[in-house]
Structures are given as C-alpha cells and as structure tokens.
Amino acid sequence: MTNETWGSVREDLVKRVGRNNYVTWIEPLKLAAFADGVARFEVPTSFFGDWVSRNFADHIRSHMNAAGVAVERLEFAVARPGAAPVQTVAAPAVAVADTAAPRRPAPARTRAPDTDEVPGAPLDSRFTFDSFVVGKPNELAHAAARRVAEGGPVTFNPLFLYGGVGLGKTHLMHAIAHELQSRQPELRVLYLSAEQFMYRFVQALRERQIMDFKELFRSVDVLMVDDVQFIAGKDSTQEEFFHTFNALVDQNKQIVISADRAPGEIKDLEDRIKSRLQCGLVVDLHPTDYELRLGILQTKAEHYRTQYKGLQIADGVLEFLAHRITTNVRVLEGALTRLFAFASLVGREITLELAQDCLADILRASDRKLTIEEIQRKVAEHYNIRLSDMIGPKRLRTIARPRQIAMYLSKQLTPRSLPEIGRRFGGRDHTTIMHGVRKIEELMTMDSQLSDDIQLLRRLLQG
Ligand code: ADP
Ligand code: MG
C-alpha cells in the first residue's frame, strides 16, 4: 500500500467517523510500514495508539480492504521525536491487533507536571453542608453526598444525583467539593457543568489540544459533572465523556454526576452511558415537602435577622410561605430575600399583609392549583381503572392500590387536609386516608417499580 492509497482511504474515513474524530484521531496517523498484511502506523503517544486501536481499527481495516488492500492487522507505534522514521523498531508498540479482546486501559500515566490548579468552575462558598437543610425529600441524597465527601475508599461510583430544578443538586455537589478540599487539600477535585465540559472539549479540538484535555480530565482525583442531561444528543461530547468516565472509574477515582432526571430517562443519551451511570448509586431529590420548606425558610430567616438587625418577622409568615410557594427552593429563597430587603427599606415589620403585597407575583405564579379530581383522574388513567372506582367502595387490590396512590399524591401535592381529602374520596374517614398515605410511603421504600410510577405521575401532574 502506498501513501497515496492510504491518503484516499483516509479521506473516505471522514464520512465514517465524522469530522471531529477524523481531525483528532485519523489525520495524525502516519503510515509507517505495510508488509504481510500488517499495516503499521506512527502515533504521537501510546495513549493515542490505544485509543485509535480500540475505537477506529475496524473502520480503518474495512476501508482498506474495500480499497483493495488486504490488511489483517493494524499496529500503532509511538514516534520518538528525532528518531528515524519508524519502519525499524516498533517499540514501544502499544495496540496490537484490532481483533484482540478488549484491552485493559492504558496504565495510569504520571500526572501532568503543573498540578497546581484544576481549572473547574468556581464554587459558591455558601453551598456547604452546614447551610443545607435536611428533610425527608433529600435525606438520602444528603447522606450519599456526605459519604462521598468523607473521601474514604470509593464504595459507589458514580454517585448520581437527580431531581427537578432548584432542589439542591448543585448545592450538594459544591458542598462535597468544599468538604473534600478542606479535609484533603492535596486532592484534585474538578467540578464543572456538562456544558462547560462540552465547551472545553470543542475548544481543545479546535486548538488541537485534545491530548492536554484528556490528560487533564484523567489526572483528577474527583470529577463532578453537573447537569449531565445537557450532553444528550451531542454525540462526540458524549463519546468523550464516556471515555473520561471509564478511565476514571478504572483508576478508582470518585465521580459525581447530577441530572434533572434518572439516567434511564435522559433521551438521546447513549445506552452504554446510561448503563454506566446506573452502575453506582442513583439517588433522587424529591420535591420539597412542607416541613423541609419551612426548615429552609427558618434557617435563611435566621441568617437575615442577623444581617438586617432588628427586623421583626411576625408569626405565621414563614408558615404561610412554606405553604404557598411549593415550586422549588430557589423561588422560595428569592421570595424571602425580597421580603427582607423590602421590609428593611420601608422599615416595617414583616407581616402577612406585607408578604402578600410584596410577593403578589410569586404567589400568583405558584398558584396553579392542582385539584384532587385531577389527581384521581390521572392515576385512574395510568392504572387503567374507572374514575368512579376512586371514590367507590371496591377493596380489590388492583383498585385499592391506585386509590391509595391517589390519596398519597393528594396529600403531597395539594394543601388539602386529611379530612378534606377523605371527603373527596367518597366520604372516607381521615384515618383511612392517613393509612393509605402511610401504606404507599412504606411500599415506596421497598418497591422501586411503584416508586418510579409515582415519580412519573407526580411529574405528569406538576408538569
Ligand atoms: P439545583 O442544582 O438542583 O437546580 P441548587 O442546588 O442550585 O438546585 O439550589 C437552588 C437554591 O436552593 C440554592 O440557593 C440552594 O442553596 C438552595 N437550596 C436547595 N436545597 C436546599 C436545602 N435543602 N437547604 C438549603 N438550601 C437549599
Ligand atoms: Mg444545578
């Protein structure tokens, strides 16, 4: 095979592997020798050769064969700077045959010399474990985050945190980073959003610094990628993410990922990535409940009271807000911030009236009232039972269980009291409702299918 033949085979590969891959991986390959069905290529680093061998060898071989060159095997050898063109020795040859069984990853390389700074995204100093209020909806996520922050042996990898907007995912990730950094200052902790990951990847491709990029991401001790749903549908970024991920897991380095939904539910995310993400511990942050919201408000209000000395807040105001603003913590915080700022400006005590006045827009926006009837209808639809069975007396499990789910959701998603809910379920007693709610809570901890079902219903209802 001549260099011309290789040139044209190479051009053909663009279509096969895509422009990015081509520029990064194929173009730099130099055909060094071809004899006895073995094509030997010169590559810049052993890692490079390993990568090409694992990912593109099949393509290269089949394109060569299609061009009439009978190739059985590809070899990749590192070009030594200043050395004579490869031909002679292939040491250190890395990748062997493309038909070989999946190789172990390249041995851990020494760190890049400049280990001083890990250029991640800045951490918010307010997002610590101290300032994180723990309640039932987030206790599992919090416990898992704490565990990772202890920095002991890696027990689950990755930690995958997911949940809706403003429920504290970023807060927990920053808290992990702060904690690790203060316990082990020498640890290289890299936190960034998936968007930043992509941005850097693209930039590295453009500036032909892909090796530096890889080196950087493979040399950290802890990698945290926030909002990973962002890379769904972005093929080459996903590819890169996948390999970074695997390289770190192989080195037993901790990875923490967040997303707005469970791995399996992220559309346009490659299956192999989904399944990798599910390998560790997947925990979700549930929508806030009244107690958690109140807890958060109390903590923040305490904080503000020292900041705005002397500002009084009337009884019942925080309870009112916790009751009315159910969307997410960010909105809740925003409301409180505005309230304190306004009250200090006008020099008045924070009363219910002042709150209603000052927060009218926020209150109106979170006013989209979900009715018990809507919940009953959605649940009945989902389980394929009659709406009338929701209020009827049938005790058959296939009917009673969905009914209890609807009770549970009514308690969770509406401000209605147990007796009120009971009335709408065909005049049942409030203890029946309570029993139903508890039953579902209990089942959810044991039955993940049921728990997933309920999450789905909840999203459908709130969406
Ligand atoms: P997400 O990343 O899940 O969208 P964030 O972590 O950015 O949400 O949280 C939004 C805001 O709510 C932040 O200011 C965060 O500090 C606050 N917050 C969320 N959950 C809690 C909590 N349990 N305790 C205290 N603050 C919280
Ligand atoms: Mg976030």
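The axes of helix H6 and helix H7 (residues 210-218) come within 7 Å and cross at roughly 145°. Axes are lines fitted to C-alpha atoms, for helices over the stretch in contact, and angles run from 0 to 180 degrees between N-to-C directions. Helices (H or I, at least four residues) and strands (E, at least two) are DSSP runs, numbered from the N terminus. The model is predicted: local features need pLDDT of at least 70, side-chain atom pairs count only at pLDDT 80 or more, and totals for chains, interfaces and linings use all residues. Residues are numbered from 1 along each chain as its sequence is written, chains are lettered from A and ligands numbered from 1 in the order in which they are written, and side-chain values use heavy atoms, with hydrogens and water left out.

In H6, Phe197, Arg200, Phe201, Ala204 and Leu205 meet Ile210, Phe213, Leu216 and Phe217 of H7; contact means heavy atoms within 4.5 Å. This contact of H6 with H7 comprises 8 nonpolar residues, 1 charged residue and no polar ones. Here Ala, Val, Leu, Ile, Met, Phe, Trp, Tyr, Cys and Pro count as nonpolar, Asp, Glu, Lys and Arg as charged, and the others, Gly among them, as polar. Arg208 lies in the loop between H6 and H7. Arg208 is not a glycine, yet its phi is positive, about 55°.

The structure holds 1 cavity of 30 Å³ or more. On a 1 Å grid over the protein atoms alone, a cavity is a set of points where a 1.4 Å probe fits but cannot get out; lining residues have an atom within 4 Å of a point. The largest cavity contains about 60 Å³ of space. Grid points are joined across faces, edges and corners, and a volume is the space filled by probe spheres set on the points. Of its 11 lining residues, Asn21, Trp25, Phe201, Ser236 and Glu240 are the closest to the centre. Helices H2 (19-26), H6 (194-206) and H8 (235-250) each give two or more residues to this lining. H2 provides the largest share, 4 residues. By class, the lining has 5 nonpolar, 4 polar and 2 charged residues. Domain 1 (3-78) and domain 2 (136-285) both give residues to the lining, so the largest cavity lies between them. Domain bounds come from an automatic or database domain assignment.

A cis peptide bond joins Asn157 and Pro158, with omega about 0°. Pro158 sits in the loop between helix H4 (139-150) and strand E4 (159-163).

Conventions. On a 1 Å grid over the protein atoms alone, a cavity is a set of points where a 1.4 Å probe fits but cannot get out, and a pocket is an open set with protein on both sides within 12 Å along at least five of seven lines; lining residues have an atom within 4 Å of a point.
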